[in-house]
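Dear colleague,

I am handing over the structure below for your records. A summary of the findings follows it.

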Number of protein chains: 4
Amino acid sequence: MSITLPSLRGGRTMLVAVCALISLCAGGAAAQQAPASAGPVDPQLIDDLVAANRILADQGVLDGWGHVSVRHPRDPNRYLLSRSRAPELVSADDIMEFDLDSNPVEHKGRSLYTERVIHGEIYKARPDVMAIVHTHAPALIPFGISKVPLKPVYHRSAFVSVGIPVFEIRERAGMTDMLIRDRALGHALADALGSHPAALMRGHGAVIVGPSIQRVVGRSIFLPLNATLQMQAAALGGPVTYLDPEEAQKIEAREGYGLGRAWEAWKRKAMAKP
Amino acid sequence: MSITLPSLRGGRTMLVAVCALISLCAGGAAAQQAPASAGPVDPQLIDDLVAANRILADQGVLDGWGHVSVRHPRDPNRYLLSRSRAPELVSADDIMEFDLDSNPVEHKGRSLYTERVIHGEIYKARPDVMAIVHTHAPALIPFGISKVPLKPVYHRSAFVSVGIPVFEIRERAGMTDMLIRDRALGHALADALGSHPAALMRGHGAVIVGPSIQRVVGRSIFLPLNATLQMQAAALGGPVTYLDPEEAQKIEAREGYGLGRAWEAWKRKAMAKP
Amino acid sequence: MSITLPSLRGGRTMLVAVCALISLCAGGAAAQQAPASAGPVDPQLIDDLVAANRILADQGVLDGWGHVSVRHPRDPNRYLLSRSRAPELVSADDIMEFDLDSNPVEHKGRSLYTERVIHGEIYKARPDVMAIVHTHAPALIPFGISKVPLKPVYHRSAFVSVGIPVFEIRERAGMTDMLIRDRALGHALADALGSHPAALMRGHGAVIVGPSIQRVVGRSIFLPLNATLQMQAAALGGPVTYLDPEEAQKIEAREGYGLGRAWEAWKRKAMAKP
Amino acid sequence: MSITLPSLRGGRTMLVAVCALISLCAGGAAAQQAPASAGPVDPQLIDDLVAANRILADQGVLDGWGHVSVRHPRDPNRYLLSRSRAPELVSADDIMEFDLDSNPVEHKGRSLYTERVIHGEIYKARPDVMAIVHTHAPALIPFGISKVPLKPVYHRSAFVSVGIPVFEIRERAGMTDMLIRDRALGHALADALGSHPAALMRGHGAVIVGPSIQRVVGRSIFLPLNATLQMQAAALGGPVTYLDPEEAQKIEAREGYGLGRAWEAWKRKAMAKP
């Protein structure tokens with residue numbers, strides 16, 4: 001699906017208005033012809049995506065409204081995401097395929113995450129990103145609403161070193177109900193994210209991206225942990241030694257990154273739940 | 001049951017004294033003739049009320065003394081509430097019907113929540129309210145005893161935006177044992193609540209109301225979360241960006257409100273407990 | 001067993017030294033003739049004492065080294081306490097009978113809590129006390145080592161209103177290994193407790209007393225909760241409204257006190273653990 | 001295996017570079033001839049080591065990447081440690097024997113903890129140490145990155161009294177990926193540890209040592225607890241009474257130390273997990 005938008009001078013608020021008028025944005029997407037499938041995927045990938053949902057729920061990173069997706073391994077223009085379900089309940093049957101306009105390949109009359117456009121728009125903007133988490137992790141909220149930037153205090157959150165921008169939806173679309181309800185808002189969020197590994201969403205949560213399911217799960221666990229530790233270090237008072245950018249770079253450059261060892265334990269624990 | 005109270009000049013402290021004298025308040029209610037039932041209700045509603053009890057206990061919102069009620073769907077002058085039992089143990093058999101003076105339709109010799117008058121008096125004063133929670137959630141206590149008002153920091157606690165009043169029982173009834181022991185105190189609490197979605201009770205807890213069981217459960221989870229996040233943001237220092245009243249209004253106006261997705265997970269987890 | 005101690009001028013440090021010399025203190029008690037039993041007790045009381053151990057472990061109040069006792073219902077000169085075992089593992093078979101010098105009625109070669117003298121000495125000094133908890137609850141430690149007194153912020157911790165003294169073992173016995181190792185130290189602790197419902201032990205924990213097992217369990221849950229809430233309220237800044245002494249008195253005077261409702265839930269949860 | 005290193009003037013950064021060049025450090029160790037075994041050990045010791053892994057995971061002290069070792073009881077030049085596995089999943093079959101250069105006696109093609117050199121180098125430097133934990137316990141991170149020293153606030157963390165040094169890897173090896181990747185870095189960490197019971201590792205975690213498995217497990221539980229309590233006491237404001245060095249010494253000198261009672265409960269709880 002290709003949309004040519006008229007030349008815009010009013011900026012993003014205008015863009016939102018245009019979307020509403022011409023019904024071409026996410027809200028109207030279900031009426032479009034369904035996109036073609038990129039074909040079946042390795043059941044192991046589906047299994048990892050289900051595990052990612054359950055792990056992040058078990059670790060307190062995803063509440064009933066968060067979600068996690070993976071880009072389709074055969075086609076960069078498709079991604080996989082659960083139908084609208086709480087992450088701790090997601091199973092393989094719930095996983096659906098979407099195009100980057102966030103239209104489902106097979107709708108089957110299921111209800112869908114409204115904010116799935118976050119995934120589609122970021123996959124469009126960031127060819128390097130293979131997996132995305134949208135979270136409301138409580139520890140991130142204080143940093144999204146204050147002027148204190150997240151800084152890297154812990155070796156497993158070295159990715160914080162490049163800076164975690166804050167997405168202020170008011171600057172992009174004025175007064176809203178805070179949700180990323182359409183592709184224009186998803187695009188604005190992807191724009192705020194830029195080339196960073198995560199962006200906080202003021203008063204809402206965060207979006208976290210990575211080069212694989214395991215990496216994005218790791219980041220989604222360690223970003224809130226970094227936030228908590230940074231708050232505690234600040235409360236202790238005095239100067240704080242953050243990771244040096246060069247240290248952070250070396251950590252991020254580790255081959256393989258060594259997440260498999262923790263993944264095995266996280267997964268066993270999460271999948272053992274009834 | 002209709003009571004005509006004598007004209008009062010001494011205010012609420014006097015009213016309490018009158019109640020004690022004439023034995024017409026909650027304490028003496030058991031001796032009254034039982035009110036008529038509004039008839040059977042859909043078992044699904046009972047199931048939801050039981051689930052609400054278990055969910056809020058599982059989420060740490062209700063300790064052994066909190067309670068949750070729903071207005072009778074066929075008669076605005078009746079409400080449903082458990083007999084005196086810890087919420088995590090409540091089952092369908094425990095649910096009883098009360099009139100708005102908080103007299104049980106069928107007493108069956110069961111012991112009742114002393115503070116059930118909270119529910120009756122609020123249902124009288126607030127025709128819009130369909131469900132009520134009385135909680136001692138720890139995170140709310142610091143705000144009830146300090147002068148710092150709760151403000152909305154998180155999209156799911158947008159209802160905080162209209163202000164959460166603090167009920168100071170000393171101003172209404174002088175020195176008490178802090179419990180809402182009779183209808184006069186229940187009325188005073190309903191008066192302090194006014195048209196708000198919740199009121200903190202100094203040194204005690206809070207009362208939270210809503211247009212449905214799901215909504216009041218959601219508010220009861222997100223009010224303490226908002227309190228925790230606001231404390232953390234304050235500790236970080238510097239200016240805090242709260243939800244704008246217009247944002248809050250748009251969030252609260254969402255059709256359906258989207259609680260069903262989390263409810264399914266909350267309920268499955270809570271009901272799986274032994 | 002009756003001991004006449006020589007007249008002491010050197011104060012408590014001297015007393016400790018005397019105990020060590022004449023081998024009449026707890027350490028040497030096993031060599032004494034065993035005291036007579038006050039007879040069997042209602043199995044329900046043993047069941048409540050076992051439940052108290054399990055509940056307080058489950059609630060995070062007792063670690064592997066805390067303990068809880070009850071005075072013998074037939075003889076105020078005897079008390080019941082587990083042999084040396086972590087509270088979460090205590091069962092009816094572990095409960096033993098002691099005299100107030102903390103000698104076991106039947107030793108059976110079992111290892112005993114070194115600090116059981118806390119119980120014996122407090123039962124001697126406080127005829128009103130029927131049950132005692134010795135805890136290392138983390139939330140109490142900051143108040144034991146600072147100059148900030150615990151104050152009542154919550155209706156269920158109204159008993160804090162009369163003041164919670166801090167036992168500074170250095171003032172009583174100089175430099176020690178912090179444990180209440182003998183009757184002289186137990187007596188010193190009972191002396192610091194005075195007529196209060198609890199005393200903090202600097203750098204160690206607390207002792208909490210009450211008129212029944214249920215009451216002492218309730219106090220042991222709500223004292224650390226009060227500590228946590230008071231820390232949070234202090235962090236929020238500004239004036240704090242504590243319970244008024246008259247409010248506290250009215251709460252403490254409640255007949256029955258209404259702990260049974262929570263007890264049922266606490267017990268079911270704790271006893272369901274493997 | 002014996003290595004004669006060339007005389008070094010450039011200090012540790014140079015040493016690291018040399019290791020990389022001559023491939024004699026841990027990374028290249030697998031190619032060496034395997035060291036001889038010191039013989040079988042009592043299955044009870046293996047059982048304790050497995051329990052230590054599971055307990056510290058269950059208590060939140062070890063995440064998926066921490067590890068715990070014990071010195072071989074028959075040969076001070078050998079130690080026992082799991083193959084590369086998350087501690088909560090370790091079983092007896094995973095335990096392997098290593099020499100003090102951290103070469104496995106039988107490699108069996110298994111993947112190994114990269115940072116096992118921490119254990120080998122500390123066992124070399126500290127003949128008194130019989131067991132070692134490497135942890136990323138969150139509560140320790142704020143103290144590792146700030147200038148506030150850990151001080152003993154609690155009787156079970158008396159070992160903090162002698163001081164807990166902070167290992168700043170930048171001072172030893174410049175910019176790294178923060179991991180103790182080779183023997184030279186392990187040696188540098190052992191050097192920073194000196195004769196202390198633990199050393200914090202800035203932005204990473206800590207290493208904790210002790211005279212037995214039970215003692216090192218106890219220290220690993222109480223060091224983060226001490227950190228949390230010290231943060232809370234600092235937040236309360238005003239002067240704090242720490243353990244006196246003499247008190248700490250007396251606590252540490254306790255015969256047996258009394259850990260068995262808690263160990264029984266910790267182990268039962270941890271081993272009951274699926």
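A salt bridge is counted where a side-chain nitrogen of Lys or Arg lies within 4 Å of a carboxyl oxygen of Asp or Glu. By this rule, the interface of chain C and chain B holds four salt bridges. One of the salt bridges in the model joins the side chains of C:E264 and B:R85, at 2.7 Å from N to O.

Please note that this is a predicted model, in which local features need pLDDT of at least 70 and side-chain atom pairs count only at pLDDT 80 or more, while totals for chains, interfaces and linings use all residues. Residues are numbered from 1 along each chain as its sequence is written, chains are lettered from A and ligands numbered from 1 in the order in which they are written, and side-chain values use heavy atoms, with hydrogens and water left out.

**Chains C and B**

In this interface, 32 residues of chain C are in contact (heavy atoms within 4.5 Å) with 33 residues of chain B. The two chains bury about 2900 Å² between them, 62% of it on carbon and sulfur atoms; buried area is the accessible area (1.4 Å probe) that two parts lose on being put together, summed over both. Eleven residue pairs, both residues at pLDDT 80 or more, are in polar contact across the interface of chain C and chain B. A polar contact is a pair of N or O atoms within 3.5 Å; within protein, one must be able to donate a hydrogen and the other to accept it, and residues adjacent in sequence count only if both atoms are side-chain atoms.

**Chains D and C**

Here the contact takes 31 residues from chain D and 32 residues from chain C. Chain D and chain C bury about 2900 Å² between them, with 62% of it on carbon and sulfur atoms. The count between chain D and chain C is four salt bridges. The side chains of C:R170 and D:E247 meet in a salt bridge of 3.0 Å, N to O.

**Within single chains**

Chain A has nine helices and seven strands, where helices (H or I, at least four residues) and strands (E, at least two) are DSSP runs, numbered from the N terminus. In chain B, B:N226 belongs to helix α7 (residues 213-236). B:N226 counts as buried because its relative accessible area is 0%, the class being set at under 20%, with exposed over 50% and partly exposed in between (1.4 Å probe, protein chains only). Leaving aside residues up to four places away in sequence, B:N226 touches several residues, including B:L150, B:Y154 and B:V160.

With kind regards
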